[in-house]
Amino acid sequence: MPFANLKVPADTLTDESKRKLRDAVTDAFADVYGERARATTLVILEEVADGGWSLGGTVLNAELLGRS
């Protein structure tokens with residue numbers, strides 16, 4: 001079973017954008033493994049709360065990411 005766990009900043013994607021992202025990842029797995037993999041591909045899209053990210057010890061928040 002192909003599995004993808006995607007983490008994105010919270011409140012940055014619309015429901016439609018989330019669907020497109022999940023569909024694109026499922027399509028990518030099906031392209032690689034063949035159509036037989038589509039039915040068993042699991043995609044989890046997790047939204048990370050503001051300030052829940054860090055890069056090189058720097059906390060990434062909405063202000064730093066330009067979403068404030």
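This short talk walks through the helix, the salt bridges and a surface patch of one predicted model.

First, the ground rules. Residues are numbered from 1 along each chain as its sequence is written, and side-chain values use heavy atoms, with hydrogens and water left out. Because the model is predicted, local features need pLDDT of at least 70 and side-chain atom pairs count only at pLDDT 80 or more, while totals for chains, interfaces and linings use all residues.

Let's start with the helix. Helix α1 has 19 residues. From its first C-alpha to its last it reaches 27 Å. That is close to the 27 Å expected at 1.5 Å a residue. The expected span is 1.5 Å times one less than the number of residues.

Which residues of α1 are buried? They are K18, V25, T26, F29 and A30. Buried means under 20% relative accessible area, exposed means over 50%, and partly exposed is in between, with a 1.4 Å probe and protein chains only. Look down the axis of α1: the buried residues fall within an arc of 140°, so they line one face of the helix. The arc is taken from the directions between the helix axis and the C-beta atoms. Here is the background: an α-helix has 3.6 residues a turn, so residues three or four places apart point the same way.

On the other side of α1, K20, D31 and V32 are exposed. What covers the buried face? The cover includes β1 and β2. Just after the helix, G34 takes a positive phi of about 95°.

Now stay with K18 for a moment. K18 sits in helix α1. Its relative accessible area is 16%, so K18 is buried. Leaving out residues up to four places away in sequence, K18 touches L13, L45 and E47. A contact means heavy atoms within 4.5 Å.

One of those partners brings us to salt bridges. A salt bridge is a side-chain nitrogen of Lys or Arg within 4 Å of a carboxyl oxygen of Asp or Glu. How many salt bridges are there by this rule? The count comes to six.

K18 pairs with E47, and their closest N and O atoms are 3.2 Å apart. E47 lies in strand β2 and K18 in helix α1 (residues 15–33), so this pair ties together parts that are 29 residues apart in sequence. E47 is partly exposed, at 37% relative accessibility.

Next, E46 and K7. Their side chains meet in a salt bridge at 2.8 Å, N to O. E46 belongs to strand β2 (residues 42–48) and K7 to strand β1 (residues 3–9), so the bridge ties together parts 39 residues apart in sequence. E46 is partly exposed at 30%. K7 is partly exposed as well, at 46%.

Then E35 and R38. This salt bridge is 2.8 Å, N to O. E35 counts as exposed, at 51% relative accessibility. R38 is partly exposed, at 30%. Elsewhere, salt bridges that share partners join E16, R19 and D23 into one network.

On to the loop between β1 and α1. L13 is found there. L13 is partly exposed, with a relative accessible area of 28%. Not counting residues up to four places away in sequence, L13 touches V8, K18 and L21. Compare L13 with E47: they are 34 residues apart in sequence and 9.3 Å apart in space, C-alpha to C-alpha.

D11 is in that loop too. D11 has a positive phi of about 60°, although it is not a glycine. For context, most residues other than glycine have a negative phi. Is D11 buried or exposed? D11 is exposed, at 70% relative accessibility.

Last stop, the surface. M1, F3, L42 and I44 form a nonpolar patch with about 400 Å² of accessible area together. Patches take residues with over 30% relative accessible area and no salt bridge; like charges are joined within 9 Å, and nonpolar side chains (Val, Leu, Ile, Met, Phe, Trp, Tyr) within 5 Å. Accessible areas come from the Shrake-Rupley method with a 1.4 Å probe, and for residues only the protein chains shown count as cover. F3 is in strand β1. F3 is partly exposed, with a relative accessible area of 44%.

Conventions
Helices (H or I, at least four residues) and strands (E, at least two) are DSSP runs, numbered from the N terminus.
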